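Me: I have a structure to go through for class. Could you help me read it?

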Amino acid sequence: GGGAIAEADRRPTGPRSANVGVGMMLETIPPTNVRLRELLLDLIQKDKALSKRLHRATMKGKVVGWPLTTYNPDAPLVDDRVMLVGDAAGLINPLNGEGIQYALISGRIAADIAADRLAHDDLSAASLAEYTGRIEREIRYDMALSNTIVQLLRNRNLNPIWLRSLSTIVARARLDYRYADIAGGILAGVLPAREALSPRIILGTLEQAGTSIVIETLLTALGGPKKLLEVGVETGRTGIDLVSQSLQ
């Protein structure tokens with residue numbers, strides 16, 4: 001089934017005020033007791049970019065959040081005289097909590113189906129089933145890929161891998177503007193997650209990762225054979241954990 005994340009309110013409020021959003025997964029391995037307010041305040045204090053922009057800001061009111069349910073391919077999207085679109089259908093990008101892109105896509109599909117079925121005066125669940133089929137063809141693959149990534153992110157033991165991966169992506173984006181457009185578009189929710197499998201992203205990331213590994217290995221080697229062996233063993237364990245979690 002679909003997973004869930006929690007997200008704080010972030011609607012615009014005025015020229016000198018704004019709601020700052022923060023999101024987190026509700027279920028992780030191992031479990032965590034961190035709350036949205038604690039996470040937000042900790043990020044503002046420790047993250048240089050956030051601290052620079054918000055260190056003079058004053059928090060007003062409570063940190064209010066709600067769960068966002070992601071796409072569940074087994075949940076029905078239609079019934080007699082009913083088609084679920086956007087958030088109601090769980091069409092939320094689990095990577096960033098955004099749903100506008102998929103709300104527009106599903107709304108367009110629903111409008112096409114509704115116009116045709118109203119013309120034929122048939123709004124039965126069987127007649128509206130084409131909506132489900134089109135959603136699966138246009139969105140389901142992207143939802144499945146995003147959900148797979150999120151399931152891997154749930155394992156907090158693998159956080160060092162994800163942080164290192166993000167560092168690699170950022171380093172590559174500084175060198176390749178097209179790569180930056182694609183990676184940024186995926187994270188912002190304006191490009192489908194399937195773009196992460198494009199040759200430019202895969203090859204660019206591998207090339208950047210290879211460069212980083214070579215540099216790190218050379219620096220580690222300066223610490224002597226023992227230090228190099230320790231890093232090799234730890235890397236092997238992390239790789240095994242990643243493969244095991246991926247299979248699960």
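This is a predicted model: local features need pLDDT of at least 70, side-chain atom pairs count only at pLDDT 80 or more; totals for chains, interfaces and linings use all residues.

Me: Is L206 buried or exposed?

Reply: L206 is exposed, since its relative accessible area is 56% and the cut-off for exposed is over 50%.

Me: Changing topic: how many salt bridges does the structure hold?

Reply: The structure holds 9 salt bridges. One of them joins E138 and R108, whose closest N and O atoms are 3.3 Å apart. E138 lies in helix α4 (residues 125-153) and R108 in helix α3, so this pair ties together parts that are 30 residues apart in sequence.

Me: What does R134 form a salt bridge with?

Reply: R134 forms a salt bridge with D112, and the closest N and O atoms are 3.6 Å apart. This pair links distant parts of the chain, with R134 in helix α4 and D112 in helix α3, 22 residues apart.

Me: And why does R134 count as buried?

Reply: R134 counts as buried because its relative accessibility is 16%, and buried means under 20%.

Me: Which residues are linked with R134 in a network of salt bridges?

Reply: The network of salt bridges links R134 with R108, D112 and E138. Within it, E138 is partly exposed at 34% relative accessibility, and R108 is partly exposed at 40%.

Me: What about E130, which side chain does it meet?

Reply: The side chain of E130 meets that of R117 in a salt bridge, at 2.6 Å from N to O. Because E130 lies in helix α4 and R117 in helix α3, the pair ties together parts that are 13 residues apart in sequence. R117 counts as buried at 11% relative accessibility, whereas E130 counts as partly exposed at 39%.

Me: Now another pair of helices. At what angle do α5 and α6 pack?

Reply: Helix α5 (residues 159-175) and helix α6 (residues 177-188) pack at an angle of about 135 degrees, and their axes are 6 Å apart. The two helices are therefore oblique to each other. The crossing in which α5 passes α6 is left-handed.

Me: Last one: where is A103?

Reply: A103 is in helix α3, which covers residues 100-119. A103 is partly exposed, with a relative accessible area of 31%. The C-alpha atoms of A103 and G90 are separated by 9.7 Å, and these residues are 13 residues apart along the chain.

Methods
Residues are numbered from 1 along each chain as its sequence is written. Side-chain values use heavy atoms; hydrogens and water are left out. Buried means under 20% relative accessible area, exposed over 50%, partly exposed in between (1.4 Å probe, protein chains only). Helices (H or I, at least four residues) and strands (E, at least two) are DSSP runs, numbered from the N terminus. Axes are lines fitted to C-alpha atoms, for helices over the stretch in contact, and angles run from 0 to 180 degrees between N-to-C directions. Angles under 35 degrees count as roughly parallel, over 145 as roughly antiparallel, 65 to 115 as roughly perpendicular and the rest as oblique. A crossing is left-handed if the near helix is turned anticlockwise from the far one by less than a right angle, and right-handed if clockwise. A salt bridge is a side-chain nitrogen of Lys or Arg within 4 Å of a carboxyl oxygen of Asp or Glu.
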